Amino acid sequence: MFCVVVAWCSLESPVDGAVQSHEKEKNIMNVYDFTVKARKGMTLNIADLKGKVILVVNTATGCGFTPQYEGLEGLYAKYHDKGLEILDFPCDQFGHQAPGSDDEIHQFCTLKYNTTFDQLAKVEVNGANAEPFFKFLKEQKPADDDAAEETAALRALLKKHNMTGAEAPGDIEWNFTKFLVDRNGNVVKRSGPKTTPAALADCIEALISQSPCCQRQ
């Protein structure tokens with residue numbers, strides 16, 4: 001009597017492997033996969049901003065950093081025609097410093113700071129209810145590019161005033177954290193609240209001309 005053992009070997013051809021790899025790459029999300037809520041029940045498809053340099057900011061109207069709106073408007077006035085877009089997301093998550101409705105916040109910005117860029121719908125940026133777009137931004141840039149002592153100084157200031165900012169790794173520290181996205185949709189820089197809009201000008205100019213953007217200013 002003969003016993004025949006048949007061994008099966010599953011082989012993956014180079015072509016099959018390449019196809020699977022391509023499918024995985026297709027599933028990798030980028031900023032252009034997101035749609036966010038705008039004011040008045042409208043939406044903004046980020047893909048409509050392809051080819052632009054995008055500055056994303058979580059803002060508040062009653063914060064010590066709120067005067068940065070003046071600097072944001074300065075950047076917008078100088079660079080919008082060259083390809084800069086500002087995505088302003090009001091957020092009431094830090095110290096309850098953005099209590100108004102979307103339209104009230106918009107009116108405040110236009111009347112007090114003469115902003116010409118629009119404000120989007122209010123969002124949360126940390127925690128279980130964080131806006132998916134901000135979850136993605138934080139995954140791409142888990143920490144501010146600022147010097148460590150600047151982040152430490154901000155945390156000490158918040159603690160002094162019994163305020164809670166970041167609670168988990170990757171969390172946004174406070175209002176007016178800024179993300180820069182290049183013309184190809186790559187998240188290239190994350191700056192904390194203490195970094196002024198003006199300090200980002202050189203990096204924005206570099207991104208507009210498609211030159212490498214430095215990680216620290």
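Buried here means under 20% relative accessible area, with exposed over 50% and partly exposed in between (1.4 Å probe, protein chains only). This is a predicted model, in which local features need pLDDT of at least 70, side-chain atom pairs count only at pLDDT 80 or more, and totals for chains, interfaces and linings use all residues. Residues are numbered from 1 along each chain as its sequence is written, and side-chain values use heavy atoms, leaving out hydrogens and water.

**View 1. Strand β3, covered on both faces.** Let's start with β3 (residues 53-59), where 7 of the 7 residues are buried, so the strand is largely enclosed by the rest of the structure. Val53, Leu55, Val57 and Thr59 lie on one side, with Ile54, Val56 and Asn58 on the other. Strands, like helices, are DSSP runs numbered from the N terminus (E, at least two residues; helices H or I, at least four).

**View 2. β3 beside β4.** The two strands pair in the parallel sense over 7 bridges; pairing requires that DSSP finds at least two bridges between them. β4 spans residues 84-90, and its Glu85 is the bridge partner of Ile54.

**View 3. Helix α2 packed with helix α6.** Now meet α2 (residues 68-79) and α6 (residues 201-208), whose axes are 12 Å apart at an angle of about 30 degrees. That makes α2 roughly parallel to α6 (angles under 35 degrees count as such). Leu75, Lys78 and Tyr79 of α2 meet Ala201, Ile204, Glu205 and Ile208 of α6, contact being heavy atoms within 4.5 Å. The residues of this contact comprise 5 nonpolar, no polar and 2 charged.

Technical notes:
Axes fitted to C-alpha atoms, helices over the stretch in contact; angles between N-to-C directions. Parallel < 35°, antiparallel > 145°, perpendicular 65-115°, else oblique. Nonpolar A, V, L, I, M, F, W, Y, C, P; charged D, E, K, R; others polar.
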